[in-house]
Amino acid sequence: MRSVLAVACKELLQIRRDRRSLLVLFFSPIFFLLLYGYALNFDIRDVQIAVEDRDLSPESRRLVSAFVNSGYFELAASVEDPAGIVALMERDRIRAALRIPPGFARDIRRGLPGRVEVLINGENANTATTVLGYVNAIIAAESAAYRMSVRSAATGAAIQLEPRVWFNPELRSALFLVPGLIAYIGMMTAVVSTALAVVREKERGTMEQVRMAPIGALPYIVGKSLPYLAISMTAGVSVVLASMVLFDMPVRGPWWLLLLSMALFLWGALSMGLLISTIAQSQQVAFQVALLSSFLPTMILSGFIFPIASMPAWLQAVTYIVPARYFLVALRGVVLKGAGFTTIADSLGALVIFAVIVTGLAAIRLRREWS
Amino acid sequence: MGPDGSGRVEVRPREDATHAIVVRNLTRRFGSFTAVDDVSFEVRRGEVFGFLGANGAGKSTTIRMLCGLLRPTAGTAIVGGVDVTRDPEGVKSRIGYMSQRFSLYESLTVDQNIRFFAGVYGLEGERLERRRRFVLEMAGLEGRETTRTRELAGGWRQRLALGCAILHEPPIVFLDEPTGGVDPVSRRQFWRLIDHLAASGTTVLVTTHYLDEAEHCERIAVMNAGRLAAIGTVAELKAVFASRPIVEIQAADAVQTMRALDAMPEVEKTSLFGTAVHAVLRDGGLSPDALVRRLRDAGSDVRSVARVEPSLEDVFLDLVERTS
């Protein structure tokens, strides 16, 4: 126990002395929080739209103003024919166009569905999907409002369709990204720093010196990992607190569940770092292996930025071995949905399984290396 | 049949009062390469025992096995009364180890390094304080406790590394080429420390390829290609030349002189020592005067011929030649 403490103290002293790793450990989380929170914004406002109104009725004008008044669209041009739309779209002057054919008002008055056409520039699929979401919401709201106003005269009662967005009502990207950011930081500190810290001792020969002392592999590894666990937990909690202040992120679920999810995820990540350190003989190799095995999958395959549902099936299958995938589900559940333990138990279970397997592999490799 | 069913009777060395290290038939193979081949020797308590050999001769591999860091393929070793094949961890509290890399934490201070290794060895309280002061004094680093190890010159780093390796007062100390990359003055100081250790009863096993350092040792083992080529005191090793006199010849053209010597049946072999030529003569052979005459006849411009005592270098080269 005393030797574990000696190793942990030594490691903390070393981290304190190493300006570069200090910078990475403490400033990169805040840097990335600001970067992702403000710059990487998936919200789209002031979408430039062209309108081709061939009906020119009070109803068609009302629909156009509903688009403009929504705050999401800005009227860029009124055109007379489809050719005008094509020209504007090609020159990137507009992202979307609304076409109202003649007879729109007539159909509505007869109780038939009024048909409108919306054209969206699909170059950027993410943006297009978002814009389409706005369009659907506006049209649904308008048709409900119209039906209500017509029928209220006749029956005095109407069902109003109220589109509602759950969990992130304002569709703010920041709230969606923060859990991913915590996973990212966990990977940074837990996997990369741990792997580098162990491999550095191998490179410099201090590992051999320590192995000559009567200290087992386990106390050495535990002592070496503890500071990184503490640092990554602190960094994770700081990001949550900073997000609460900067982005009004709620923490709707219990804090203990948030910390438990974080601890389980970091356990797996630390073991991953140790496993890498037993494979790599130089810091350079360790960094590359960490990057490929942990860092990139966390960024790309966890649902952090790219939704898993829109990946091809084989890639979706790969995501099942990415621990960040489960961590994101758990964390988004706790933070945004206020989920309780039973709701995210599956994800936590997956994290435990991952951590146990990787810890086991690391222990086997370590034992082989030490004796 | 031996207990392991190998057909060979296994002789387990016992700890005895006079020997700190007992090695029997120690062998280590890496795949098809045999790094250490059937090595046996003993080291007495309080002895400074030298391990001499070229790079790759198997010195470090032997030490690593004796420290319990590497499992032997065959054979046994008792270090400080502990069988390294049975209890490699038990050996570690009885030994100190220092390598040529002086493996300290460079970003930490002198004091932080001492305290870390003390923690790893389980030192605390009054003993920690006493040993800490001892190491600082021994390394000459009093007053520089807060200096980072990186900023220390080689000699100080080397002495601090030795201090950290013997914090727990081990009865046996392994030094693996401890003086590599250190200036001659620091080397001399370091050997004075080794002599102090031995005088206080510590057994020291040191590997080196500096022949002048080997002369410091009470006994020397010469390793070549994984095998033990010779073992004994410096005088015993030099005895291989007892009936084979060595003469040193100064001549204007050393290479031509060597060629002339090699042609003589009385000359066993020749080697170049700086600008001089050393010739090993066969038993009873030539007197120096006769040799001068013979060389002059062969057209060599000889300035002097003198019988010399064999140096350790002569011994080493002779052993390496005969065992490879």
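The following paragraphs lead through a predicted model with chains A and B, from the folds of the chains to the contact between them. Residues are numbered from 1 along each chain as its sequence is written, while chains are lettered from A and ligands numbered from 1 in the order in which they are written. As the model is predicted, local features need pLDDT of at least 70 and side-chain atom pairs count only at pLDDT 80 or more, whereas totals for chains, interfaces and linings use all residues.

Chain A holds 14 helices and four strands; helices (H or I, at least four residues) and strands (E, at least two) are DSSP runs numbered from the N terminus. Of its 371 residues, 38% are buried, a residue being buried if 20 or more other C-beta atoms lie within 10 Å of its own, exposed if 12 or fewer, and partly exposed in between, with C-beta atoms placed from the backbone. Two residues are in contact if their C-beta atoms, placed from the backbone, lie within 7 Å. Among contacts in chain A between residues at least 6 apart in sequence, 77% join residues at least 24 apart. The domain assignment, which is automatic or from a database, divides chain A into domain 1 (2-40 + 172-370) and domain 2 (47-154). The centres of these two domains of chain A, taken over C-alpha atoms, are separated by 47 Å.

Strand E1 (residues 47-53) of chain A runs parallel to strand E2 (residues 73-78) of chain A, and five bridges join them; strands pair if DSSP finds at least two bridges between them. One bridge partner of A:Val47 in E2(A) is A:Phe73. Together with helix H3 (residues 58-69) of chain A, E1(A) and E2(A) make a right-handed β-α-β unit, in the sense that, with the strands pointing away from the viewer, the path from the first strand over the helix to the second runs clockwise. Most residues other than glycine have a negative phi. A:Leu56 is exposed, with 11 other C-beta atoms within 10 Å.

In chain B, an open sheet of four strands has the order E2-E1-E4-E5, with antiparallel pairing. Its edge strands, strand E2 (33-44) and strand E5 (82-83) of chain B, each pair on one side only. Five bridges link strand E1 (residues 19-30) of chain B to the antiparallel strand E4 (residues 74-79) of chain B, and B:Ile21 has B:Val79 as its bridge partner in E4(B). Helix H1 (residues 59-66) of chain B packs on the sheet, touching E1, E2 and E4 of chain B, and its direction makes about 120 degrees with that of E1(B); axes are lines fitted to C-alpha atoms, for helices over the stretch in contact, and angles run from 0 to 180 degrees between N-to-C directions.

Chain B is assigned domain 1 (19-237) and domain 2 (242-323). Twelve residues of domain 1 of chain B are in contact with seven residues of domain 2 of chain B. On the domain 1 side, E10(B) gives the most, with three residues.

Finally, the contact between the chains takes 20 residues from chain B and 21 residues from chain A. H3(B) provides the largest share of the chain B side, four residues.
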